[in-house]
Amino acid sequence: MRQLIFACVALLLAASVGRADEPLDIVIYGATGEVGSHVVQEALDRGHRVTAVSRQPEQIQKRHDMLSVVKGDLLDKASVTEIVTGQDVVILSVRGVIGDSGWPESALQFMAAEMLVDVLFLQDEAPRLLHVGGSGALEVEPGVLYAAKLPTILLSKGLEVEILGQILALEFYGKVDDVKWTYVTPPKNLTNGPRTGVFRIGGSQALEDDRGRTRVSRADFAVALIDEAEQATHLRQQISVAY
Ligand SMILES: NC(=O)c1ccc[n+]([C@@H]2O[C@H](COP(=O)([O-])OP(=O)(O)OC[C@H]3O[C@@H](n4cnc5c(N)ncnc54)[C@H](OP(=O)(O)O)[C@@H]3O)[C@@H](O)[C@H]2O)c1
């Protein structure tokens, strides 16, 4: 009897982790980027099937049985639709500014969020969307975003547009209830430190360590993203990742 109970508990536990034991189909936009390249590696190391997207796929030299490299542009709706259809998770880790209007709406981070929501909400079994956010969208004190504390005079115009575009993207997601999104926010400092697998997950507030630092390595940030891809524990929420 005791063995039967153990077997049932084991089955229930296995069911509660959903597809985590099976490979997921994960599309990564920004696969050639500083953050995205770590995400590709982490997903492959954990046995998932990865589609790495780039406007210039020949930039990606990596070869792996579970890796497909495809050409794609987030500004092209037909291409986005073709690439994301049938996938389990789409990870958006891109940056850029389109044109020179200087408006936050011209940040690729915002435009891509709109584009993906536009495509995904039409799909019956749409993939989940994990958006790599910006630390400017984290609260540093109640009601005050980190972006408001930044010395804009020291920022390039492009970076300012991207920071504001990331905040706009989060506000946009806040009104989206027909797509399963998660806005995964890095801390102020993303480092090239090692993968430790040890970090904290917070909400919309910036997390500080005991020395007042807000940081995480890109490798550990990638672990947090793939954890979320596997576990889907923070649907339609902003989360933050830091030591
Ligand atoms: N502390 C912070 O808050 C912090 C720090 C760093 C980064 N971030 C965020 O992290 C994310 C990734 O940043 P990163 O530093 O890794 O960027 P990155 O190294 O500059 O890479 C940018 C990526 O965007 C892709 N991309 C640009 N235009 C595209 C388009 N039209 N269609 C498809 N892909 C396009 C590029 O792909 P191809 O050129 O291959 O097409 C490239 O892989 C961004 O959202 C950024 O805001 C936050």
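Helix 3 and helix 4 cross in a right-handed sense. A crossing is right-handed if the near helix is turned clockwise from the far one by less than a right angle, and left-handed if anticlockwise. The contact involves Lys77, Val80, Thr81 and Val84 of helix 3 and Met115, Leu116, Val119 and Leu120 of helix 4. Residues are in contact if their C-beta atoms, placed from the backbone, lie within 7 Å. By class, this contact has 6 nonpolar, 1 polar and 1 charged residues. Here Ala, Val, Leu, Ile, Met, Phe, Trp, Tyr, Cys and Pro count as nonpolar, Asp, Glu, Lys and Arg as charged, and the others, Gly among them, as polar. Helix 3 (residues 77–84) packs on helix 4 at an angle of about 60 degrees, and the axes are 10 Å apart. That makes helix 3 oblique to helix 4. Angles under 35 degrees count as roughly parallel, over 145 as roughly antiparallel, 65 to 115 as roughly perpendicular and the rest as oblique. Axes are lines fitted to C-alpha atoms, for helices over the stretch in contact, and angles run from 0 to 180 degrees between N-to-C directions.

The model is predicted: local features need pLDDT of at least 70, side-chain atom pairs count only at pLDDT 80 or more, and totals for chains, interfaces and linings use all residues. Residue numbers start from 1 along each chain as its sequence is written.

The protein has 6 helices and 12 strands. These are DSSP runs numbered from the N terminus (helices: H or I, at least four residues; strands: E, at least two). The C-alpha atoms fill a box of roughly 70 × 45 × 35 Å along the principal axes. The radius of gyration is 18 Å, which agrees with the value near 18 Å for a compact globule of 243 residues. It is taken over C-alpha atoms, and the globule rule is 2.2 Å times the number of residues to the power 0.38.

Helix 4 also packs against helix 5, at about 25 degrees and with axes 7 Å apart. The two are therefore roughly parallel. Gln109, Phe110, Ala113 and Glu114 in helix 4 meet seven-residue partners in helix 5, among them Glu162, Gly165 and Phe172. Helix 4 (108–120) and helix 5 (157–173) each supply at least two residues of the shell around the ligand. Gly33, Ser54, Arg55, Val94 and Ser135 come nearest among the 28 residues around the ligand. A residue is near if its C-beta atom, placed from the backbone, lies within 6 Å of the molecule or strand. The shell divides into 9 nonpolar, 13 polar and 6 charged residues.

Helix 2 (residues 36–45) and helix 6 (residues 218–231) have axes that come within 8 Å and cross at roughly 55 degrees. The pair is therefore oblique. The crossing is right-handed. His38, Val39, Glu42 and Ala43 of helix 2 make the contact with residues of helix 6 including Arg218, Ala222 and Ile226.

Notes. Two residues are in contact if their C-beta atoms, placed from the backbone, lie within 7 Å.
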